[in-house]
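I opened my notebook to go through one structure step by step. I wrote down each thing I looked up.

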Amino acid sequence: MASLPDGEPAPQDGSLPNPDISAGFSAYVHIPFCSVRCGYCDFNTYTNPNFGPGAGLTDFPDSLAREIALSRRVLEGNGPIKTVFFGGGTPTMLDSAQLVAVLGDLKATFGLAANAEITTEANPESVTPESLRELAAGGFTRVSFGMQSAVPRVLSILDRQHRPSRVPQVVRWAREAGLEVSLDLIYGAPGETDVEWRASLEAALALEPDHISAYALTVEPGTKMGGQVRRGEISLPDPDMQADRYEMAAAMLEPAGYHWYEISNWARPGHECAHNLAYWRGSDWWGYGPGAHSHIGGTRFWNVKHPLAYANRLLDGASPAAARELLSATERAEETIMLGIRLAEGIPVPAATGREVIAGFISDELVDPASAFSGTLRLTLRGRLLADSVTRALWQDL
Ligand SMILES: C[S@@+](CC[C@H](N)C(=O)[O-])C[C@H]1O[C@@H](n2cnc3c(N)ncnc32)[C@H](O)[C@@H]1O
Ligand code: SF4
């Protein structure tokens, strides 16, 4: 699992230098449990969740309640919450009643904005018609299913537990419950062919979801798949192949009515994920749960990773934050560029950026020339594949 960044110590009481969130904020809730760990996954999640008080499946929500109470003190009850995203791990390892109770606590503490978007991630095998109905009745508006692939062989390479036929079923149940639906796909699994990737895209499109995310498989060193690569049993995904797969996704999703609004995300107009847009636009959010990161008023802080360490801190009346970082003006500018350039809406040309840099982007076909001439940097398809080098070039002038 990835380790946490370094940073300066965070105060025991969780206090922040600038807790003003009068424009509202977003809430992320991390549920760190899964029934099986997929070989590629580097997220902060555990498969044997019997860690002790406040850190097991039944009483983990008590720890979240303690962190929500702490955040109320720190934020002085300001609100409302504009979006909530339950991620993991597998949030739907908890009962719907538990998830609804956590949402209810956030709502009672800070209020929810009108039409707040409330999402949970879910593995296809972890929901039923009843659990989805209960989520919708309890205020959830959206579910994001980890479909990953429609090909049994690829699902098995990825250690996924569901069969392809489960996905149409759960999408139907979610719709019947009145939830918006997003599907996550992964491309570039070891041995996956172009034909198999096309089949997964076709299968996802056939379900007419509101939103589709497509991620290039990344292989992290500490994972089971990382070990297989190290031992030479499988090879790392080839970057050119990954780029071709991305272009295939764009070529199939965009004519089907899914416009790209962030490099890895496509949506029907009006169905973009407001929570993720809030991250990329640099808004404030509080991340609840073990290992969750927060960003409030120019301070970044992150919680201890292990569920028991998290629960114990809160039981002792202390903040679960492991460390924090106060962003300098330059760091904030860097972050605005790195996140904003990923969006289809683009970013204003930074004041410090030289004309020759922009001319270079145009001649390399990385940004849309008309937008650049009128002061906005918007990536072309080629630019979306090379977003990191655009970011680095813009950082050099800051
Ligand atoms: C935090 S995961 C949790 C969602 C849920 N547990 C699931 O797996 O269906 C969110 C998404 O991240 C993507 N993901 C996770 N690890 C990845 C990796 N190493 N490379 C690419 N995508 C990854 C998957 O598409 C997954 O659906
Ligand atoms: S189910 Fe999701 S969070 Fe859990 S191990 Fe697999 S990819 Fe990671």
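How many helices and strands does the secondary structure of the protein chain come to? I looked this up and found 15 helices and 14 strands. I noted at the start that this is a predicted model.

**Entry: the whole chain**

Next I checked the overall dimensions. The C-alpha atoms fill a box of roughly 60 × 50 × 45 Å along the principal axes. I then looked at the radius of gyration, which is 21 Å for the protein chain. A compact globule of 398 residues would have a value near 21 Å, so the two agree.

I turned to burial. Of the 398 residues in the protein chain, 52% are buried. I also looked up the surface. The chain exposes about 16,900 Å². Carbon and sulfur atoms supply 52% of that area.

Residues 24 or more positions apart account for 71% of them.

**Entry: around ligand 1**

I moved on to ligand 1. How many residues surround ligand 1? I found 16. The closest are Gly89, Asn123, Gln148, Arg160 and Asp184. I sorted the shell by type: six residues are nonpolar, seven are polar and three are charged.

Which strands each supply at least two residues of this shell? I noted strand S4 (142-148), strand S5 (180-187) and strand S6 (211-216).

I then went through polar atom pairs at ligand 1. I started with its nitrogen atoms. A nitrogen atom of ligand 1 is 2.9 Å from a polar backbone atom of glycine 89. I also found a nitrogen atom of the ligand 3.2 Å from a polar backbone atom of tyrosine 40. For oxygen, I looked at arginine 160. A polar side-chain atom of arginine 160 lies 2.8 Å from an oxygen atom of ligand 1.

I checked the cover next. On its own, ligand 1 has 560 Å² of accessible area, and the protein covers 91% of this.

**Entry: glutamine 242**

Last, I picked one residue. Glutamine 242 sits in helix H8, which runs over residues 239-253. Is glutamine 242 buried or exposed? Its relative accessible area is 10%. Buried means under 20%, so glutamine 242 counts as buried.

I also listed what glutamine 242 touches, leaving out residues up to four places away in sequence. I wrote down Tyr187, Gly188, Ala216, Leu217 and Pro237.

Notes:
Residues numbered from 1 in each chain as written. Chains lettered and ligands numbered in written order. Predicted model: local features only at pLDDT ≥ 70, side-chain atom pairs only at ≥ 80, totals over all residues. Heavy atoms only, no water. Near = heavy atom within 4 Å. Polar contact = N/O pair within 3.5 Å; in protein donor to acceptor, adjacent residues only side chain to side chain. Areas by Shrake-Rupley, 256 points an atom, 1.4 Å probe, with all protein chains shown as cover. Helix = DSSP H or I, 4+ residues; strand = E, 2+ residues; numbered from the N terminus. Nonpolar A, V, L, I, M, F, W, Y, C, P; charged D, E, K, R; others polar. Rg over C-alpha atoms; globule rule 2.2 N^0.38 Å. Buried < 20%, exposed > 50% of the residue type's maximum accessible area, 1.4 Å probe, protein only. Contact = heavy atoms within 4.5 Å.
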